[in-house]
Amino acid sequence: KAIQLANASNLVSPQEWICIYNPTNFSWSPHRAYYRAGEFIQVGSVNGDTIKTYGDLVDSYLATTVNIYKINAIKVNLNNIKVIAENDGIENPITMLYVRDGVINNYSNVGSNNAGLSLIKCINLDVQTGSATNDSNINRGTNYGVAISNCYNLRVNGGNHHAARHAIALG
């Protein structure tokens with residue numbers, strides 16, 4: 001798929017990732033205002049103002065309704081960590097935001113105010129043999145072991161995740 005973008009060759013390089021995002025409320029779904037259209041896509045090549053991507057876009061977009069962002073992700077390898085959130089005082093004890101090509105291995109979390117492990121806008125992330133336990137007594141409607149939000153190509157393999165509401169929540 002080809003995307004026309006002014007000064008593309010000065011903004012992105014092959015193998016990098018971009019996010020196409022429509023900031024308009026309800027642009028993806030009429031059910032909730034914060035459901036907004038958009039997606040991640042990997043750059044295959046750049047020639048002048050043309051970006052060619054790996055694969056096709058899931059949706060079509062009007063240039064006047066979207067913003068395009070280069071994802072400046074970090075690489076994280078997290079091994080053998082244990083977090084105890086006593087008295088449910090921490091919202092999300094382990095949070096990964098904009099991680100690309102990372103690994104979380106043999107982690108353990110007990111307690112939180114929301115999710116034991118929160119993964120947000122991550123790309124190509126492997127979660128291996130972990131444990132996220134969240135038995136919060138707080139009746140907030142959000143009580144998750146693992147919360148995966150707006151991620152692409154993420155794998156959870158093995159482990160023991162549980163919570164009062166959902167062991168693993170996708171959104």
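A pocket here is an open set of grid points with protein on both sides within 12 Å along at least five of seven lines, and its lining residues have an atom within 4 Å of a point. This is a predicted model, and its second largest pocket is lined by 14 residues.

- Nearest its centre you'll find I3, Y61, A63, V66 and I68.
- This pocket holds about 280 Å³ of space.
- Strand β1 (residues 2–4) gives the largest share of the lining, three residues.
- Sorted by class, that lining has ten nonpolar, two polar and two charged residues.

**The largest pocket**
- The largest pocket has a volume of about 1300 Å³, and of its 42 lining residues, R36, S149, N150, C151 and G171 sit closest to the centre.
- Several elements give two or more residues to this lining, among them β2, β3 and β5 (67–70).
- The largest share, five residues, comes from β3.
- Its lining splits into 25 nonpolar, ten polar and seven charged residues.

**How β3 pairs up**
- β3 (residues 38–47) pairs with β2 (residues 17–21) in the antiparallel sense over five bridges, and W17 stands opposite Q42 of β3.
- β3 also pairs with β4 (residues 50–53), again antiparallel, over four bridges, with S45 opposite K52.
- Two residues separate β3 and β4 in their hairpin, and G48 in the turn has a positive phi of about 65°.

- You'll find S13 in the loop between α1 (8–11) and β2.
- S13 counts as partly exposed because its relative accessibility is 37%, between the 20% and 50% cut-offs.
- Beyond its neighbours within four places in sequence, S13 is in contact with V43 and V46.

Definitions and conventions. Residues numbered from 1 in each chain as written. Predicted model: local features only at pLDDT ≥ 70, side-chain atom pairs only at ≥ 80, totals over all residues. Heavy atoms only, no water. Pairing = 2+ DSSP bridges. Buried < 20%, exposed > 50% of the residue type's maximum accessible area, 1.4 Å probe, protein only. Contact = heavy atoms within 4.5 Å. 1 Å grid on protein atoms, 1.4 Å probe; cavity = no way out; pocket = protein on both sides within 12 Å on 5 of 7 lines; lining within 4 Å. Points joined across faces, edges and corners; volume = space filled by probe spheres on them. Nonpolar A, V, L, I, M, F, W, Y, C, P; charged D, E, K, R; others polar.
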